[in-house]
Amino acid sequence: MRQRLLDAAAEEFAERGFSAARLAEVARRAGFTKGAVYSNFESKQDMFAELFAARSLELAGRVLAEIAGMNPTDAAGKGGEAVASWMVREPGWSLLVLEFGVLAARDPQIAQAYLRERRQLRGRLVELIGERAREWGVDDTFDVRTTAISLMALISGLVLEHSVDPEEVDQPTMGAAVTALFAGAVARAGLV
């Protein structure tokens with residue numbers, strides 16, 4: 001039941017945005033009553049936070065799986081391509097994350113959920129990037145935390161710019177920006 005509700009919520013949020021999404025519609029899409037939503041989630045914010053965490057970790061895992069086993073130089077390029085592909089393929093979700101972030105800046109209740117999930121994602125990215133740095137033998141020189149924070153911020157900015165100007169900020173440009181971030185981190189670690 002919970003997963004069906006989450007799947008329905010993902011559709012509702014992506015189509016309407018966070019603010020306009022209705023829990024009654026989530027329940028209808030999942031084939032349940034609104035009571036089923038509240039028996040599984042405390043609020044719309046909690047439901048979104050769970051979706052947010054799952055999707056964000058899925059992206060992080062997918063991107064870093066793409067670069068697993070590659071040398072650092074190739075990993076920088078492939079990582080950029082993988083992130084850009086996801087951003088272009090799922091623009092509704094990316095904009096939804098930005099909307100949730102703006103709401104979090106203004107609403108303390110939303111801020112708690114947003115902060116919790118962003119910190120969890122950041123922590124997971126630090127772990128995954130750290131694993132790659134260990135594979136490359138540079139875990140003592142690779143700035144894993146700054147790379148994770150920069151990647152999250154870069155993705156947010158690119159998503160916004162792409163949504164407004166997709167011709168200029170296209171997938172290759174987005175991939176090149178992420179590649180530049182990874183390439184800079186690799187160069188600072190002394191790998192090139």
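The largest nonpolar core of this predicted model has 54 residues. By a nonpolar core I mean a set of buried Ala, Val, Leu, Ile, Met, Phe, Trp, Tyr and Cys residues joined through side-chain atoms within 4.5 Å. Buried stands for under 20% relative accessible area, exposed for over 50%, and partly exposed for what lies in between, with a 1.4 Å probe and protein chains only. The residues with the most contacts inside this core are Phe13, Met47, Phe48, Met87, Trp93, Phe142 and Ile155. Two or more residues each come from helix H1 (2–16), H2, helix H4 (44–67), helix H5 (72–89), helix H6 (91–106), H7, H8 and helix H9 (171–188). In soluble globular proteins, nonpolar side chains tend to be buried together.

A word on conventions. Residues are numbered from 1 along each chain as its sequence is written, and side-chain values use heavy atoms, with hydrogens and water left out. As the model is predicted, local features need pLDDT of at least 70 and side-chain atom pairs count only at pLDDT 80 or more, while totals for chains, interfaces and linings use all residues.

Which residues does Phe13 touch, not counting residues up to four places away in sequence? They are Phe18, Ala21, Lys44, Met47, Phe48, Leu51 and Leu96, where contact means heavy atoms within 4.5 Å.

Let me turn to the chain as a whole. Its secondary structure comes to nine helices and zero strands; these are DSSP runs, of H or I with at least four residues for helices and of E with at least two for strands, numbered from the N terminus. Of the 192 residues, 44% count as buried. Among contacts with a separation of 6 or more, 66% join residues 24 or more positions apart.

In helix H2 (residues 23–30), the buried residues are Leu23, Glu25, Val26, Ala27 and Ala30, and just after H2, Gly31 takes a positive phi of about 85 degrees. Helix H7 (residues 108–135) holds Glu117. Is Glu117 buried or exposed? Glu117 counts as buried because its relative accessibility is 7%. Leaving aside neighbours within four places in sequence, Glu117 is in contact with Ala49, Phe52 and Ala53.

Finally, the surface. The accessible surface of the protein chain comes to about 9,500 Å², of which 52% belongs to carbon and sulfur atoms; such areas come from the Shrake-Rupley method with a 1.4 Å probe, and for residues only the protein chains shown count as cover. Val164 lies in helix H8 (residues 144–164) and, at 65% relative accessibility, counts as exposed.
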